Amino acid sequence: MEESNRMKRIPPYLFTIVDRLKKKVQENGQTVIDLSMGNPDLPTPSHILEEMGAAIQDPVNHRYSKRDDGCEVELRKAICYWYKKKFDVDLDFETEVVPLIGSKEGIAHMSTAFLNPDDVALVPSPAYPVHFNGVTMAGGILHDLPLLKENDFLPDVSKIPEDVLRSSKFMFLSYPHNPTTAIAEYSFYENMVKWVRGKNIILASDAAYSDIVFDGHTATSILQVPRAKDVAIEFHTLSKSYNMAGWRIGFAVGNPEVLASLEKAKSYTDFGIFRPIQRAGIKALTSDQKCVTDLVATYKKRVDFFVKGLQSIGWFVDFPKATFYIWAELPSQYKALSSLDFASLMLQKTGVAVAPGTGFGKYGEGYVRIALMETIPRLGEALERIKDFLAEGI
Ligand SMILES: Cc1ncc(COP(=O)(O)O)c(C=O)c1O
């Protein structure tokens, strides 16, 4: 049995590698503190659970979901309501919204919908892995846009060669950014919308963390730029804002033609979101957003605790402006290692799992990503273990 060449070109999923290592460590009797994956550990708010509980009892909700049935129409309208409230952007619920089985699904389908074998996708590096692996799986050509610290982890589009631009179908942007935690100002999106005009390139913004921002920063939607809908779509998810990662619900909004192609690709592979989950999603988007404010406050406490803790033991990392990650350069005594070797060694010696930077693309080398998906006492335990490990060096 031989995999397709497209599949052979992608390595095993980063978290599959980390999971294998974690299993080995557990078999050796060590408890693992897992800070590798951005998998929210807190419960889905109770008002959302109650809505799901009621909806699941109704047999009408057990059938396939259809675009024009009452439930999906209500979900589309709820998405428009949320978008208007959060970003003051008007959307047409019929043509400018596509519900997704999680935004990862939609991002992968973006490549299926738009890439021919000679087509290029412009993908920042480091990035959330489906941004680049989705392109490879669809058989397209990847062009990396390095995100460097000296550029505040923003792409420098002036470095893209002309012939690459001519073959490019779309470009991913994603702020607040996983894994670097960078944010982008309104002026960045304004410049990108201006730059892309006349180029036949779609801007696909992934705004999974738009709710999880700290210290008075706000996340911008690319659609806030006037006439951005001519050239852009944006992906959102309920996974992070409402602790609904396992539920699988997200959405894409923006340019109607692009969304129609995305919907066409989806229509041959899925039947939409389980209706009780749509009902729960409607509840999440249209209710008071205090649960989101509380969640951000919890993450902020974790971030402050862990960054200060790392700094106090000599690992000098920056405070994130957004997300629940820390993007940490390898500590000076371990700089000679690759990020994968460092993460593996730290896991073996301490039982603390973090994600190696190269899992997010080649420009992630030299970093690890720490996901603060544990309580403060467990994070304190992780710090204790890391302290001894840092003191040892190599
Ligand atoms: C940047 C980014 N986009 C998308 C996703 C996927 O979210 P979803 O659960 O909606 O598929 C993630 C998940 O970690 C992410 O970090």
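Colleague: Is Asp-215 buried or exposed?
Modeller: Asp-215 is exposed, because 10 other C-beta atoms lie within 10 Å of its own; a residue is called exposed at 12 or fewer such atoms, buried at 20 or more and partly exposed in between, with C-beta atoms placed from the backbone. Please keep in mind that this is a predicted model, in which local features need pLDDT of at least 70, side-chain atom pairs count only at pLDDT 80 or more, and totals for chains, interfaces and linings use all residues. Residues are numbered from 1 along each chain as its sequence is written.

Colleague: And where does Asp-215 sit?
Modeller: Asp-215 sits in the loop between β6 (202–206) and β7 (232–237), where helices (H or I, at least four residues) and strands (E, at least two) are DSSP runs numbered from the N terminus. Asp-215 is not a glycine, yet it has a positive phi of about 55 degrees.

Colleague: What about Asp-152, what is its phi?
Modeller: Asp-152, again not a glycine, has a positive phi of about 55 degrees, and it belongs to the loop between β4 and α7 (162–167). Asp-152 counts as partly exposed because it has 14 C-beta neighbours inside 10 Å.

Colleague: Which peptide bond at Pro-176 is cis?
Modeller: The bond from Tyr-175 to Pro-176 is cis, with omega near -5 degrees, and Pro-176 lies in the loop between β5 and α8. Pro-179 is also found in the loop between β5 and α8, and a cis peptide bond with omega of about 15 degrees joins Asn-178 to Pro-179.

Colleague: Moving on to α8, where is Glu-190 and how exposed is it?
Modeller: Glu-190 lies in helix α8, residues 186–196, and counts as partly exposed because 16 C-beta neighbours fall inside 10 Å. Its C-alpha atom is separated by 8.5 Å from that of Ala-228, which is 38 residues away along the chain.

Colleague: How many residues of α6 are buried?
Modeller: Eight of the nine residues of helix α6 (residues 129–137) are buried, so the helix is largely enclosed by the rest of the structure. Among the buried ones are Pro-129, His-131, Phe-132 and Asn-133.

Colleague: What covers them?
Modeller: The cover over the buried residues of α6 includes the helices α1, α2 (14–27) and α5, together with the strands β3 (120–125), β4 (141–146) and β5 (168–173). Just after α6, Gly-139 takes a positive phi of about 85 degrees.

Colleague: You mentioned α5; how does its axis run relative to α9?
Modeller: The axes of α5 (residues 103–114) and α9 (residues 256–267) come within 9 Å and cross at roughly 100 degrees, which means that α5 is roughly perpendicular to α9. Axes here are lines fitted to C-alpha atoms, for helices over the stretch in contact, with angles from 0 to 180 degrees between N-to-C directions; under 35 degrees is roughly parallel, over 145 roughly antiparallel, 65 to 115 roughly perpendicular and the rest oblique.

Colleague: Which residues meet there?
Modeller: From α5 they include Gly-106, His-109 and Met-110, and from α9 they include Ser-261, Leu-262 and Lys-264, a contact being two C-beta atoms, placed from the backbone, within 7 Å. The residues of this contact divide into five nonpolar, four polar and two charged, where Ala, Val, Leu, Ile, Met, Phe, Trp, Tyr, Cys and Pro count as nonpolar, Asp, Glu, Lys and Arg as charged, and the others, Gly among them, as polar.

Colleague: Which residues come nearest to the ligand?
Modeller: Of the 13 residues around the ligand, the nearest are Gly-102, Ser-103, Lys-104, Thr-237 and Ser-239, where a residue is near if its C-beta atom, placed from the backbone, lies within 6 Å. The shell has three nonpolar, eight polar and two charged residues.

Colleague: Last topic, what domains does the chain have?
Modeller: The assignment gives domain 1 (5–43 + 290–392) and domain 2 (47–286), with bounds that come from an automatic or database domain assignment. Their centres, taken over C-alpha atoms, are 26 Å apart, and 31 residues of domain 1 are in contact with 31 residues of domain 2. On the side of domain 1 that touches domain 2, the largest share, six residues, comes from α11, and by class that side has 18 nonpolar, seven polar and six charged residues.

Colleague: And Leu-372, where is that?
Modeller: Leu-372 lies in the loop between β12 (367–371) and α13 (376–392), and it is buried because 25 other C-beta atoms lie within 10 Å. Leaving aside neighbours within four places in sequence, its contacts include Leu-35, Tyr-299, Val-303 and Phe-324; Phe-324 is 48 residues away in sequence and 5.8 Å away in space, C-alpha to C-alpha.
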